[in-house]
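Subject: The model you asked for

Hi,

Here is the structure, with sequence and coordinates together. Have a look at it first, then read on for what turned up.

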2 protein chains.
Amino acid sequence: MSAPVASLSPNSGLLRDLPTPCLVVDGEALRRNIEGMAATAREAGVALRPHAKTHKSPEIAKLQMRAGAVGIACATVTEAEELARAGLPGLLLTSPIMGASKFTRIAGLNRQHGLTVVVDHAAQVEALCAAVQPGDRRLNVAVDVDVGQARTGVADIAAGVALARTIAQQPALAFAGIQGFAGHAQHLIDPAERRAAGERAAGVLRALAKALTEASLAPALITGSGTGTHRLDAASIYNELQVGSYVFMDADYARIADEHGEALTFAPSLFVLASVVSVNRPGQVTVDAGTKALATNGPPPCMIIGAPSGARYAFAGDEHGIIFIPRDERTPELGARVLIGATHCDPTVNLHASLHVVAGGELTQWPIVGRYGD
Amino acid sequence: MSAPVASLSPNSGLLRDLPTPCLVVDGEALRRNIEGMAATAREAGVALRPHAKTHKSPEIAKLQMRAGAVGIACATVTEAEELARAGLPGLLLTSPIMGASKFTRIAGLNRQHGLTVVVDHAAQVEALCAAVQPGDRRLNVAVDVDVGQARTGVADIAAGVALARTIAQQPALAFAGIQGFAGHAQHLIDPAERRAAGERAAGVLRALAKALTEASLAPALITGSGTGTHRLDAASIYNELQVGSYVFMDADYARIADEHGEALTFAPSLFVLASVVSVNRPGQVTVDAGTKALATNGPPPCMIIGAPSGARYAFAGDEHGIIFIPRDERTPELGARVLIGATHCDPTVNLHASLHVVAGGELTQWPIVGRYGD
């Protein structure tokens, strides 16, 4: 695993006065990750529309655009609104949605900024047509396809063609193409299994694209993918990648690569800064970062900067974690700080209001936008 | 399990226009829970200082005060600041903390509002003394005691007496008493095991109180407890209960009571309102509430209002969940809404910016305060 840059020291001047717990980003690793994925897409000749659900950060989205992205993918209407407000172009809402107020907001976003959305049911097409106002530009609408995750998307080729035709028949809408996200494939440990699931997903999109072309509805956009399958997908039917996690590099992805000897292209860049608040028990210290600071639905955090090698973190409640120190190793002192590598980045980001980014010897604070109810 | 009030209908007028996902509180159940716990404490002759970490809501804290609480417990300095700003009295910070800026903020809170904090190390006493300014009122400081959770707190009786003496010797501080939280005991399924763990915890506090009294440091305050052991603790050494979860009644607590035939005093009152966004697969629908809307570190949600009996929820990513519908039961329609009972309330609340409270045929929105970085 690539080591974080030496400048990222939890007890250094830059981080010493931050209230804990808080999110810290290794800005150099972030920049390398963004450039690395941009280069991969460029070399493969596919467009990159990175997913903002990972970072919820207009600043990171701007870095991704500067590196050559064609736009930014969003999971919610609020994320799209926040990114539009920050001036990000080429927004794609990747989740089919329902709800009268949301259709109105989508139409408003399209009116002011332009937008592509996905649907998986004719009722959504009807609601979008009702929301678009006379004089608005056409709203780009793609068909979301179930490529094996069984979550959203049309369930078969015939339904996909029918829905595309319905979209294309609406004067208020423009048929944009197709989307398939093989979420179930991204974290498969076995590379052969991952490849097989990715290929099955691509096969569904390939068959639908063929059927659409035969129906004179050739899809301009074939979008999807994720960090786990992006290399496979870049060489496949997709002409656009919606990768997200690579900016922070989930430890789970790192584990997948490590255990099977694949080159790890990206480096972990997201950490939670925590303070040691209790040292009364031998072999362990308690820190002020628990389940409200670090997502619990990933592997346990395994990289702890500021603790000896072999130290391991365990959740100990909403506001506490325990770091177990290997025998004969030095125990961090009361008040010392540690940087705990996030193992599931998207939901960890979602627990905080801002990112503290360290790069070039400077610390900057970037807001996290579009959390529920914000 | 007590049924939620009939007025809490996910597709009714009151909830129909709320953007999903969002938190909805059954205000009638909330009120009954608050009154029930207040009555239990009153009858047992113990004080009640409910824990705000559960709800992060000044409005709920005010209801708890009106029902007879002596003050409010907080897990973080920010929670204490937010509650002080809202005028809540009797604040107790239940976590030992470290960090220069936090000691300064504690001293400021004490100056303006009065405050009790806990410590488990002499270094914290020293830092508090340095932060309190000439002319400030004395800061109340209690000793946090490890009663079996192995997380924070002094590890033995001698250390507790020594730390209490150190506090009592400081002109800037007042020794307030002792705190022990048996977090490990709260969710034990077997009532006999839970009782045994609770009694061991109380035994530690009893021994420390005796030793302190012999050292002329009799603790005025013996605080702790939680929803899982509150009945046992109310009849034990504690003179104050810091119960939190009872306001929303975690499904995990409900499960404990159900499986062993104990009367369930409290009713679930916290729900996530979600919309059905995809209906393309038989036997299941997809809703727009996933791991960013519902905490993942409890049991899977089991109560779904608006879905047929026997329906079950499964996480399907950050923004999605799948509700599996029993065979031959009616499937919720595209765009329909459901209310999903939260199974781990504290971290679920922490994922949202506000509570939507339904009571007496009215809907009110209460802010959630003090999330990390807010």
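**What I found**

In chain B, strand S4 (residues 91-93) and strand S5 (residues 116-119) pair in the parallel sense, over two bridges. Within that pairing, Leu93(B) sits opposite Val117(B) of S5(B). Before you read too much into any detail, keep in mind that this is a predicted model.

**The sheet in chain B**

The S4-S5 pair belongs to an open sheet of eight strands in chain B, in the order S2-S9-S8-S7-S6-S5-S4-S3, with parallel pairing. Its edge strands are S2 (47-48) and S3 (72-74) of chain B, each of which pairs on one side only. As a reminder, strands of a sheet pair through backbone hydrogen bonds, either parallel or antiparallel.

For the antiparallel kind, stay in chain B and go to strand S13 (residues 312-315) and strand S14 (residues 321-324), which are joined by four bridges. Tyr313(B) stands opposite Ile323(B) in S14(B). The hairpin of S13(B) and S14(B) has five residues between the strands, and Gly317(B) takes a positive phi there, near 110°.

**Two other spots in chain B**

Arg16(B) is part of helix H1 (residues 13-16) of chain B. Apart from its neighbours within four places in sequence, Arg16(B) is in contact with Asn11(B) and Arg337(B). If you want a sense of distance, Arg16(B) and Arg138(B) are 122 residues apart in sequence, and their C-alpha atoms are 51 Å apart in space.

Pro299(B) is in the loop between strand S11 (284-287) and strand S12 (304-305) of chain B. Is Pro299(B) buried or partly exposed? Its relative accessible area is 24%, so Pro299(B) counts as partly exposed.

**Chain A as a whole**

Now over to chain A, which has twelve helices and 17 strands. Along the principal axes, the C-alpha trace of chain A spans about 70 × 45 × 35 Å.

Of the 374 residues in chain A, 61% count as buried. Taking contacts in chain A between residues at least 6 apart in sequence, 68% join residues at least 24 apart. The accessible surface of chain A is about 13,200 Å², and 52% of that belongs to carbon and sulfur atoms. On the charge side, chain A has 31 positive and 35 negative side chains, and the centres of the two sets lie 3 Å apart.

**The sheet in chain A**

Chain A has an open sheet of eight strands with parallel pairing, in the order S2-S9-S8-S7-S6-S5-S4-S3. Strands S2 (47-48) and S3 (72-74) of chain A stand at the edges with a single partner strand each, so one side of each has no neighbour in the sheet.

Further in, strand S6 (residues 139-145) of chain A is mostly covered, with six of its seven residues buried. Strand S5 (residues 116-119) of chain A runs parallel to S6(A) and is joined to it by four bridges. There, Thr116(A) has Asn140(A) as its bridge partner in S6(A). Four bridges also link strand S7 (residues 173-180) of chain A to strand S8 (residues 221-224) of chain A, again in parallel. In that pair, Gln179(A) has Thr223(A) as its bridge partner in S8(A).

**Two loop residues in chain A**

Ser269(A) lies in the loop between helix H11 (251-259) and strand S10 (270-278) of chain A. With a relative accessible area of 0%, Ser269(A) is buried. What is Ser269(A) in contact with, leaving aside its neighbours within four places in sequence? The list is Val24(A), Val25(A), Asp26(A), Ala29(A), Leu30(A), Asn33(A), Val247(A) and Phe248(A).

His187(A) is in the loop between helix H8 (183-186) and helix H9 (191-214) of chain A. With a relative accessible area of 30%, His187(A) is partly exposed. His187(A) and Lys102(A) are 85 residues apart in sequence, and 31 Å apart in space from C-alpha to C-alpha.

Cheers

Definitions and conventions
Residues numbered from 1 in each chain as written. Chains lettered and ligands numbered in written order. Predicted model: local features only at pLDDT ≥ 70, side-chain atom pairs only at ≥ 80, totals over all residues. Heavy atoms only, no water. Buried < 20%, exposed > 50% of the residue type's maximum accessible area, 1.4 Å probe, protein only. Contact = heavy atoms within 4.5 Å. Areas by Shrake-Rupley, 256 points an atom, 1.4 Å probe, with all protein chains shown as cover. Lys, Arg positive; Asp, Glu negative; His and termini not counted. Charge placed at Lys NZ, Arg CZ, Asp CG, Glu CD. Pairing = 2+ DSSP bridges.
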